[in-house]
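Thanks for coming, everyone. Please have the structure open on your screens. I will go through it piece by piece.

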Amino acid sequence: MNNAVDVLVLGGGPGGYTAALYAARAGLSVLVLERLSAGGQMATTGTVENYPGFEDGVDGFELGEKMQRQAQRFGARTVLAEVREVALTESPKRVETDRGTFLGRTVVVATGAEARELGVPGEAALRGRGVSYCATCDGMLYRGREVAIVGGGNTAVGDALTLARLAGRVTLIHRRDALRASTVYLDKLRENGVNIVWNTEVKALQGDDRLTGLVLRNKVTGEESTLPVDGLFVAVGRRPETALFRGQLETDEAGYLIADETTRTSLPGVYAVGDVRRKPVRQILTAAADGAVAAHYIEEYLAGNRA
């Protein structure tokens, strides 16, 4: 097991790099495998305003790089590689990538979850320029302005209520004639002045450097219209990055890894942190907290399983 690191971290987001930081400071050998760049999805966020310690906010990409450098200061290494296969029941645990094979006595899964996109013209270009996938993260940027939310589940309704306390006019757009969310929310939406547009889908986004409006289509009449907005919040679900772990780690019906507040998964020595784990709140801060917790239990596990 001489070529196996103590901790192999899959994913360089806030959860992964916090686990790397804490584990490296505890004297463990740590290797982080990241596909693109430090920060994960956080790196695509313009300004992060709700991470403690940055009173003026911080660029998401910059925050990711800071986390990487801090972990590396204590000895954690990073390899940019795409994971293609994992063998988590082996000892040591084996991870195959486009950069070769890596072994770890323990593995931290920090692969995250991607927000589902609408897939309409203009969406990709305007992401971070009026298009957001997290009302809790970006709602404050639209104080007093006109915004729309797309979706009909509990997340969409929760986003609408959050934005109703911040934004000026809030419109909830749903492609069906009834919410998938609990019906009790309908009254709350109306009480908070949220305008609901039924049987409607977004066909395209308008704007060059910033979002200026939405092209809508009524699914019943086929009529198209334009809704001027400053911000669009997409809440049509998330997709956890767990395909590689199917058949090895237990997941819930939505595909999220099942791990309790210890972050321990169904396999000894494997931990799940951040958005990939089944949890009620997914934020940069909660992912970082998971990473710290994981490092604690990794120390405990390795102390009892010294070869």
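**A walk through the predicted model**

Five strands make an open sheet, in the order 10-17-11-12-13, and the pairing is parallel. Which strands stand at the edges? They are strand 10, residues 131-132, and strand 13, residues 195-197. Each has a single partner strand, so one side of each is left without a neighbour in the sheet. Keep in mind that this is a predicted model.

Strand 10 is joined to strand 17, residues 231-234, by two bridges. The two strands run parallel. Take V131 as an example: its bridge partner in strand 17 is L232.

Three strands form an open sheet in the order 14-15-16. Here the pairing is antiparallel. Strand 14 and strand 16, residues 224-228, stand at the edges with a single partner strand each, so one side of each has no neighbour in the sheet. How are neighbouring strands of this sheet turned against each other? By 30 degrees on average, with direction ignored.

Stay with strand 14, residues 200-206. Six bridges join strand 14 to strand 15, residues 213-218, and the two run antiparallel. You can follow the pairing by residue. T200 stands opposite N218 in strand 15. Q206 stands opposite G213, also in strand 15. Together, strand 14 and strand 15 form a hairpin, with six residues between them. In the turn, G207 has a positive phi of about 130 degrees.

That brings us to backbone angles. Most residues other than glycine have a negative phi, and most peptide bonds are trans. Now for some departures in this model. N199 is not a glycine, but its phi is positive, near 50 degrees. You will find N199 in the loop between strand 13 and strand 14. T263 is not a glycine either, and has a positive phi of about 70 degrees. T263 sits in the loop between strand 18 (238-240) and strand 19 (270-272).

And the peptide bonds? The bond that joins S91 and P92 is cis, with omega at about 0 degrees. P92 is in the loop between strand 6 (83-87) and strand 7 (93-97).

On to empty space. Rolling a probe the size of a water molecule over the atoms shows where such space is left. The second largest pocket holds about 320 Å³. It is lined by 15 residues, and the closest to its centre are L118, V150, R175, E201 and V236. Which strand gives the largest share of the lining? Strand 14, with four residues. What kinds of residue line this pocket? By class, there are six nonpolar, four polar and five charged residues.

Last stop: two helices. Helix 1, residues 14-25, packs with helix 7, residues 284-303. Their angle is about 35 degrees, and their axes are 7 Å apart. Helix 1 passes helix 7 in a right-handed crossing. From helix 1, the contact is made by P14, G15, T18, A19, Y22 and A23. From helix 7, it is made by I284, A287, A288, G291, A292 and A295. How many of the contact residues are charged? None: nine are nonpolar and three are polar.

That's the tour. Questions, please.

Definitions and conventions:
Residues are numbered from 1 along each chain as its sequence is written. This is a predicted model: local features need pLDDT of at least 70, side-chain atom pairs count only at pLDDT 80 or more; totals for chains, interfaces and linings use all residues. Side-chain values use heavy atoms; hydrogens and water are left out. Axes are lines fitted to C-alpha atoms, for helices over the stretch in contact, and angles run from 0 to 180 degrees between N-to-C directions. A crossing is left-handed if the near helix is turned anticlockwise from the far one by less than a right angle, and right-handed if clockwise. Contact means heavy atoms within 4.5 Å. Ala, Val, Leu, Ile, Met, Phe, Trp, Tyr, Cys and Pro count as nonpolar, Asp, Glu, Lys and Arg as charged, and the others, Gly among them, as polar. On a 1 Å grid over the protein atoms alone, a cavity is a set of points where a 1.4 Å probe fits but cannot get out, and a pocket is an open set with protein on both sides within 12 Å along at least five of seven lines; lining residues have an atom within 4 Å of a point. Grid points are joined across faces, edges and corners, and a volume is the space filled by probe spheres set on the points. Two strands pair if DSSP finds at least two bridges between them.
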